[in-house]
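Colleague: Can you walk me through this one? I'd like to go feature by feature.

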Amino acid sequence: MKISNKQFAEALYELTIGLNASDLDIVLKNFVGLLAKKHKIKQTNNIIAEFETILKKKQGIVELEVTSARDLDTEIIKKIKESFGKEVFVQEKIDKNLIGGIRVKIEDKILDASVKTQLANLKKSLTI
Amino acid sequence: MSTNQVIEELKKHISAFQKTVEVEEVGTVIEVGDGIARMSGLTSCQSQEMLEFPGGIMGVALNLEEETVGAMILGEYEKIKEGDTVKRTGRILSVPVGEKVIGRVVNALGQAIDGKGDIVTKEFYPIEKTAPGVMSRQPVGVPVQTGIKAIDAMIPIGRGQRELIIGDRQTGKTAIAIDAIINQKGQNMKCIYVAIGQKESKVARIVAKLEENGAMEYTTVVVAGASDPAAMSFIAPYAGVTMAEYFADKGEDVLIVYDDLTKQAWAYREISLLLRRPPGREAYPGDVFYLHSRLLERACNLNKEHGGGSITALPIIETQASDVTAYIPTNVISITDGQIFLETDLFFKGIRPAVNVGISVSRVGGAAQTKPMKKVSGKIKLALAQYRELEAFAQFASDLDVETKKQLDRGARVVELMKQPQYSPMHVEDQVASIFAVDSGYFDDVAVTDILKTEEKFLDFVRGGHQSLLEKISKGEWDDSIIADLKGVCEEFKK
């Protein structure tokens with residue numbers, strides 16, 4: 001059976017949870033050995049990426065991507081962080097096309113409160 | 001409305017506008033190429049849902065897998081890159097339907113491509129829809145007059161029937177379908193011609209021909225050209241039948257031609273292989289039968305409680321070297337209610353339309369034939385069958401008995417009578433009159449090569465002095481007095 005990157009990452013997470021440093025070394029060594037045996041060495045980076053998402057999910061870390069037209073105040077960023085949970089990492093992006101407002105990306109959802117989208121909606125409501 | 005009023009109206013609209021935060025579900029493109037894309041994310045994506053790629057390019061989700069979603073792209077996939085954000089739309093692929101599409105040339109998405117402006121309709125129907133069930137159908141009972149003698153007489157088609165037109169390339173498959181569309185003028189029929197994977201030049205020629213014959217007034221042409229992506233060829237027939245369903249729901253009769261389904265199957269095979277679905281026989285995916293059966297099942301004859309509309313389907317299949325036992329031809333033969341076989345040999349012998357009457361059948365159309373046609377065609381079917389049997393045998397025999405000779409002569413004349421040039425459909429009453437004349441032996445003394453000329457003269461003669469008789473026949477009346485009258489007319493003509 002084909003084992004997906006996600007399955008490898010999940011296995012690694014479950015094995016490594018709560019281990020001390022010396023045990024971790026052995027587990028990691030064995031894990032890399034398994035990857036080599038299954039011809040998955042090339043996928044290492046993807047497995048690490050999957051591992052990171054699993055880790056964040058389990059530890060309740062939320063990752064946000066906030067896009068705005070201009071640089072945002074630290075005050076606003078703080079407010080956004082507060083409304084999404086305790087541990088929030090924010091990646092800021094500037095996109096002049098938005099005109100104003102913000103767009104927040106969380107996992108595979110986008111919350112769109114940009115002026116650009118509002119204007120597009122207004123246009124739609126006026127044309128029909 | 002004055003300017004001020006307009007401004008007030010706009011102000012009202014704008015002040016009433018509610019700001020909302022839009023929640024969009026998105027995914028990321030992992031892999032793209034050859035008209036398909038593979039994406040991660042899109043966790044609650046539906047099957048057959050439309051997806052929006054950057055730049056307004058649309059896609060349709062086909063494969064929903066554990067980690068990824070596979071989609072075919074409708075449009076220019078070259079512009080999509082790895083890492084692009086893909087949005088869900090929550091809509092199933094739909095096409096515009098309504099009276100406005102009549103007389104237009106549209107692509108598989110229902111967008112106008114004839115340069116006569118955009119098509120604005122109130123309604124959109126999803127292209128995939130379950131076919132009407134048992135309780136909403138009734139048996140076929142009203143004929144579709146194709147205007148082609150060989151078909152109307154011997155392989156009759158009823159409204160709501162699915163009749164396959166099958167043959168090699170260059171045997172006149174499209175010609176039969178186009179003639180049938182042209183003959184629907186004044187017959188209360190809407191027509192839809194779906195061109196799948198055809199040369200744009202051929203489609204342009206067909207549209208010009210339809211316009212010339214005044215057939216575009218009731219016809220829609222749906223085109224997925226040879227240069228369009230495979231996804232377009234795949235969805236074009238569904239788009240066509242969706243437009244037809246709008247009229248059928250309103251109780252109207254529709255004739256739809258799929259030209260041809262072989263190319264649709266090829267397009268679907270291409271998409272399926274790119275999506276890495278396992279190939280089966282002839283490399284088609286396992287559900288290629290369902291591809292055609294769900295399409296053709298949507299042809300229907302609805303009963304009175306459901307509006308009484310109908311969709312008659314004329315699918316076309318192109319065979320390679322007359323091989324009807326290939327995968328797609330056998331599938332479609334088994335789905336349809338009969339088939340019209342066209343043969344290269346007959347075509348080159350000058351028998352055009354090159355219909356092989358011996359192996360062509362119409363399983364349900366007989367019930368829809370008008371009474372006069374049913375009566376006269378029964379006899380010629382027999383005459384032709386006997387002729388074919390004797391024909392081979394007669395090649396070796398030098399002297400034949402009188403009875404055999406008579407049968408051979410009659411058969412040769414019937415075969416000659418069934419010839420008909422393209423774009424010249426005939427009224428059913430004319431067909432009945434000329435078939436009756438030949439069958440009753442009035443043309444036995446005419447040279448075989450002169451049959452068609454004599455037929456024309458005969459029909460002119462009947463139309464000249466006996467119009468009322470033709471009208472009676474066209475109404476479906478047939479009794480001894482009409483037979484006697486017809487005989488009288490034939491005898492009068494012979495003098």
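Colleague: At what angle do helix α11 (residues 402-417) and helix α12 (residues 428-439) of chain B pack?

Modeller: First, a caveat: this is a predicted model, where local features need pLDDT of at least 70, side-chain atom pairs count only at pLDDT 80 or more, and totals for chains, interfaces and linings use all residues. Residues are numbered from 1 along each chain as its sequence is written, and chains are lettered from A and ligands numbered from 1 in the order in which they are written. Helices here are DSSP runs of H or I with at least four residues, strands are runs of E with at least two, and both are numbered from the N terminus. With axes fitted to C-alpha atoms over the stretch in contact, and angles running from 0 to 180 degrees between N-to-C directions, the axes of α11(B) and α12(B) lie 10 Å apart, at an angle of about 165 degrees.

Colleague: Are α11(B) and α12(B) roughly parallel or roughly antiparallel?

Modeller: Under 35 degrees would be roughly parallel, over 145 is roughly antiparallel, 65 to 115 is roughly perpendicular and the rest is oblique. The angle is about 165 degrees, so the pair counts as roughly antiparallel.

Colleague: Which residues of α12(B) make the contact with α11(B)?

Modeller: Contact means C-beta atoms, placed from the backbone, within 7 Å. On the α11(B) side you have Arg413(B), Val414(B) and Leu417(B). Facing them from α12(B) are Ser434(B), Ile435(B) and Val438(B).

Colleague: Is Ala354(B) buried or exposed?

Modeller: It sits in the loop between α9 (344-349) and β19 (361-362) of chain B. The scale is 20 or more other C-beta atoms within 10 Å for buried, 12 or fewer for exposed, and partly exposed in between, with C-beta atoms placed from the backbone. Ala354(B) has 25 such neighbours, so it's buried.

Colleague: How far is the C-alpha atom of Ala354(B) from that of Gly167(B)?

Modeller: Leaving out residues up to four places away in sequence, Ala354(B) touches several residues, including Thr171(B) and Gly172(B). As for Gly167(B), it is 187 residues from Ala354(B) along the chain, and the C-alpha separation is 9.4 Å.

Colleague: Which element gives the largest share of the side of chain B that touches chain A?

Modeller: In that interface, 15 residues of chain B are in contact with 13 of chain A. α1 (3-16) and β1 (22-33) of chain B each supply at least two residues of that side. The largest share, 6 residues, comes from β1(B).

Notes:
Two residues are in contact if their C-beta atoms, placed from the backbone, lie within 7 Å.
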